[in-house]
Amino acid sequence: MSIDWQLAMVTAVRDETPTVRSFTLGLPGWAGHRPGQHIDLRLTAADGYSVERSYSIASEPERAGEVDITVERIPGGEVSPFLHEVVVPGDRLEVRGPIGGYFVWEAGLGGPLLLIAGGSGVVPLMAMARHRARAGSRIPARLLFSSRGPDEIIYRDELDRLAAAGDGFAVAHTLTRQQPPGWTGYARRVDEQMLAEVIEPLGAGVRAYACGPTALVETVANALVRLGLPPDRIRTERFGPTGT
Amino acid sequence: MEDRIAMMHDDPAVDLTVDGSAVGGMLAAAFGVEMTAAPGQCAHCHTVSVVGAMRVYMRGPGVVLRCPACAEVVLRIVQTPRGTMIDARGAAYLVIERG
């Protein structure tokens, strides 16, 4: 594996929501990655001060020579405001990776697959969903996605398209703070009852991946164990408190 | 052990914990191979878990990895200008796969 720092060229930038932006990083020497892995990104100031952050890879491994990362702007942060406000296509960024071999799902691992995301925790799960679609897998898969409001649903249109493809992928949204008129999805924080309803159509042998703020992932992991999932089928990626 | 887990879950700092993947880059740089899928045994309760499933506290000057079963410290990692120092006395063993 390549763990050395390498230079990536930013080749595209696009907004996902008012506070979330995706960056395509061109990596000519990229050895490929597995869905769920992340990269480390390092910024170094002129005086030598440097800071590193980990960002999940959003893109599927079938795309060669480049990866997408999706970054939420954290007010007062050291890295995300720079990425949002300063970085434009043509800039170069130092990255290393891919990193991680635990929070990973590939079609070959099988399913059924349950994905649970809170906010930008959807990013590594999106890599799994995109990979599943690109690989032509028909493994039953469901995403339970918790967002604060309708404008904050990351990848909303693409998730709608993936769910409409008729290949066994379904999405259930919950909006915890603000719901638009006529909203038919869930309107509360993820809880055991919600998980029971989402997991039910998947049947036995489910593999679950949960990513999001620590409090959400904690709730999900405990509830899934109570619902009868063996702990070794539940993989978690806690990214700390909300909004840091 | 149950008490200790309850303590960990009641700890206001639990919200600050992340999973082992968060230090995957640091560990890969230190060990030379991917480590988040590496199994290790807690020296205290003898539970075997992969590094990626351990609870990580990384907001201090160093990084602490705790056992997901009993919450005892398994690894401490501190990066200094001289190198990466790893205190592994809380690990009975770690399995590092051939690259």
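Visitor: Let me start with a detail. Where does A71(B) lie?
Guide: A71(B) is in the loop between β5 and β6 of chain B. Bear in mind that this is a predicted model.

Visitor: Okay. What is the phi of A71(B)?
Guide: A71(B) has a positive phi of about 70°, although it is not a glycine.

Visitor: And is A71(B) buried or exposed?
Guide: Buried. The cut-off is under 20% relative accessible area, and A71(B) has 6% relative accessibility, so it counts as buried.

Visitor: What about Y155(A), what is its phi?
Guide: Y155(A) is not a glycine either, yet its phi is positive, at about 60°. Y155(A) sits in the loop between β8 (141-147) and α3 (156-164) of chain A. Its relative accessibility is 4%, so Y155(A) counts as buried.

Visitor: Let's zoom out. How many helices and strands are there in chain B?
Guide: Chain B has 2 helices and 8 strands. Along the sequence the pattern runs α-β-α-β-β-β-β-β-β-β. Of its 99 residues, 40% count as buried.

Visitor: Which residues are buried in helix α2 of chain B?
Guide: In that helix, residues 24-31, the buried ones are G24(B), G25(B), M26(B), L27(B) and A28(B).

Visitor: What do the buried residues of α2(B) pack against?
Guide: Strands from both chains. From chain A come β3 (38-44) and β6 (92-99). From chain B come β5 (63-66) and β6 (73-80). Just after α2(B), G32(B) takes a positive phi of about 85°.

Visitor: Now chain A. How many helices and strands are there?
Guide: Chain A contains 5 helices and 11 strands. Buried residues make up 52% of its 244 residues.

Visitor: How does the radius of gyration of chain A fit a compact globule?
Guide: It agrees. A compact globule with 244 residues would have a radius of gyration near 18 Å, and chain A has 18 Å. The C-alpha trace spans about 55 × 40 × 30 Å along its principal axes.

Visitor: How is chain A divided into domains?
Guide: Domain 1 covers 6-99 and domain 2 covers 107-238. Their C-alpha centres lie 24 Å apart. Where the domains are in contact, 17 residues of domain 1 meet 17 residues of domain 2.

Visitor: Which peptide bonds in chain A are cis?
Guide: One cis bond joins G97(A) and P98(A), with omega about 0°. P98(A) is in strand β6 of chain A. Another runs from G111(A) to P112(A), with omega near -5°. P112(A) is in the loop between β6 and β7 of chain A.

Visitor: One more residue. Where is S120(A)?
Guide: S120(A) is in the loop between β7 (113-118) and α2 (122-134) of chain A. Its relative accessible area is 16%, so S120(A) is buried.

Visitor: What does S120(A) touch, leaving out residues up to four places away in sequence?
Guide: With those left out, S120(A) touches E72(A), I154(A) and F239(A).

Visitor: Last topic, charges. How many positive and negative side chains does chain A have?
Guide: There are 25 positive and 29 negative side chains in chain A. The centres of the two sets lie 3 Å apart.

Terms used:
Residues are numbered from 1 along each chain as its sequence is written. Chains are lettered from A and ligands numbered from 1 in the order in which they are written. This is a predicted model: local features need pLDDT of at least 70, side-chain atom pairs count only at pLDDT 80 or more; totals for chains, interfaces and linings use all residues. Side-chain values use heavy atoms; hydrogens and water are left out. Helices (H or I, at least four residues) and strands (E, at least two) are DSSP runs, numbered from the N terminus. The radius of gyration is taken over C-alpha atoms; the globule rule is 2.2 Å times the number of residues to the power 0.38. Buried means under 20% relative accessible area, exposed over 50%, partly exposed in between (1.4 Å probe, protein chains only). Lys and Arg count as positive and Asp and Glu as negative; His and the chain ends are not counted. The place of a charge is taken as NZ of Lys, CZ of Arg, CG of Asp or CD of Glu. Domain bounds come from an automatic or database domain assignment. Contact means heavy atoms within 4.5 Å.
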